[in-house]
Amino acid sequence: MLDRKIEDGTVFVVFDMEWNQPFTGKEYDFEVSELSGEIIEIGAVRYEYQNGTINRTGVFSCDIKPVKYKKLHFHVKKVTHKSNEDLKNGIDLKTAYENFREFCGPNAILAGWGNSDPDMLKMNLKFFGLDDELRMFFIDVQPVFSHFAGERGKQRSVEFAVDHYGIPKTDTFHNATSDASYTGEVLKRIFDCSKTSEVLSVLSSSAIDPDIKREFSSVGASCEKPEEALALLMPSERTCPICKKPMFKEIGEFRIRKSVYALYNCEKHGDIFVRIRVKKNKSGHYYASSIERIATQNDYFLVASKREEFSKFGSKGEPKQENVEEM
Ligand SMILES: [Zn+2]
């Protein structure tokens with residue numbers, strides 16, 4: 001049974017992975033989209049929650065020998081400073097993963113910087129015929145940091161967060177174990193520098209279940225007018241994309257320029273962020289595409305700031321916005 005309640009004794013495993021990439025244009029005897037990266041390193045640091053803070057209880061570090069992408073992609077080489085020789089010294093994924101699970105223990109909550117690692121781990125497990133159900137919650141520390149550092153809506157690097165808290169930079173970045181270690185120290189500072197009840201509430205609401213699909217997209221038919229295209233993806237009653245049960249409207253649909261935003265809630269799956277965008281196709285017709293996903297901290301921020309903009313300026317949005325990045 002998954003439990004995302006954080007109490008004394010709760011174990012956090014902050015992990016990070018490096019993976020090698022396929023070469024574009026090279027022929028492989030399998031579907032490359034089913035293995036967009038092959039894991040070559042897992043690094044992790046274990047913490048135990050006690051009385052408003054977390055304390056380090058262990059470190060895990062493991063190199064994995066790739067069997068599909070054996071030659072380092074130049075991007076990976078540049079970022080990780082690994083060599084082709086290094087790859088040969090790793091162990092097989094199955095053993096590495098078993099060791100990692102043992103390190104995690106039975107009831108850990110996983111954490112990491114950014115949300116791509118759990119998906120990449122699951123992709124590798126599935127591709128190599130291993131059980132790909134993680135059965136652990138995952139917390140992306142990056143938006144949690146943004147929340148507490150007054151950087152909401154910004155996607156910062158772990159190095160930025162390390163500098164923000166003045167954490168000593170004793171290791172290089174972009175090595176799985178040191179990145180996991182830095183991310184863990186950032187998480188510890190978040191606990192130590194903020195109100196415990198707020199940290200616990202943000203962490204609990206940020207925890208996702210990596211075993212369920214979190215994002216659903218759909219594309220509507222083409223129409224003469226943008227309004228018609230949008231209407232096709234705006235049902236009178238919105239149902240949860242996961243369980244199909246009717247959802248409760250928290251922030252109803254509102255339009256800013258070419259996008260519609262909304263926030264719904266499913267009793268079982270929590271808050272669902274909705275964004276619909278209208279686009280023009282080559283023949284000059286309009287069509288809309290929508291994304292429904294389990295809301296992240298960034299999504300809460302996005303929908304709240306867009307709603308505020310809407311209440312000030314209406315559907316045309318704030319005039320002449322410069323240097324504002326659309327997320
Ligand atoms: Zn649901």
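Tutor: The protein chain has 10 helices and 10 strands. These are DSSP runs numbered from the N terminus, helices (H or I) of at least four residues and strands (E) of at least two. The model is predicted: local features need pLDDT of at least 70, side-chain atom pairs count only at pLDDT 80 or more, and totals for chains, interfaces and linings use all residues. Numbering starts from 1 along each chain as its sequence is written.

Take the overall form. Of the 327 residues, 34% are buried (20 or more other C-beta atoms, placed from the backbone, within 10 Å of their own). Contacts here mean C-beta atoms, placed from the backbone, within 7 Å. Of the contacts in the chain between residues at least 6 apart in sequence, 67% join residues at least 24 apart.

Now the part to look at closely: a sheet. It is open, with 5 strands in the order S3-S2-S1-S4-S5 and mixed pairing. Strands pair if DSSP finds at least two bridges between them. The edges are S3 (53-63) and S5 (138-140), each pairing on one side only. From one strand to the next, the twist averages 25°. Angles run from 0 to 180 degrees between N-to-C directions, with axes fitted to C-alpha atoms, for helices over the stretch in contact.

Look inside the sheet. S1 (residues 11-20) and S2 (residues 38-50) run antiparallel, joined by 10 bridges. Val11 stands opposite Glu48 in S2. Helix H4 (residues 116-127) packs on the sheet. H4 touches S1, S2, S4 (109-112) and S5, and its direction makes about 65° with that of S1.

Last, the setting. An automatic or database assignment divides the chain into domain 1 (11-206) and domain 2 (215-316). Their C-alpha centres lie 31 Å apart.

How values were computed: Contact = placed C-beta atoms within 7 Å. Buried ≥ 20, exposed ≤ 12 C-beta atoms within 10 Å, placed from the backbone.
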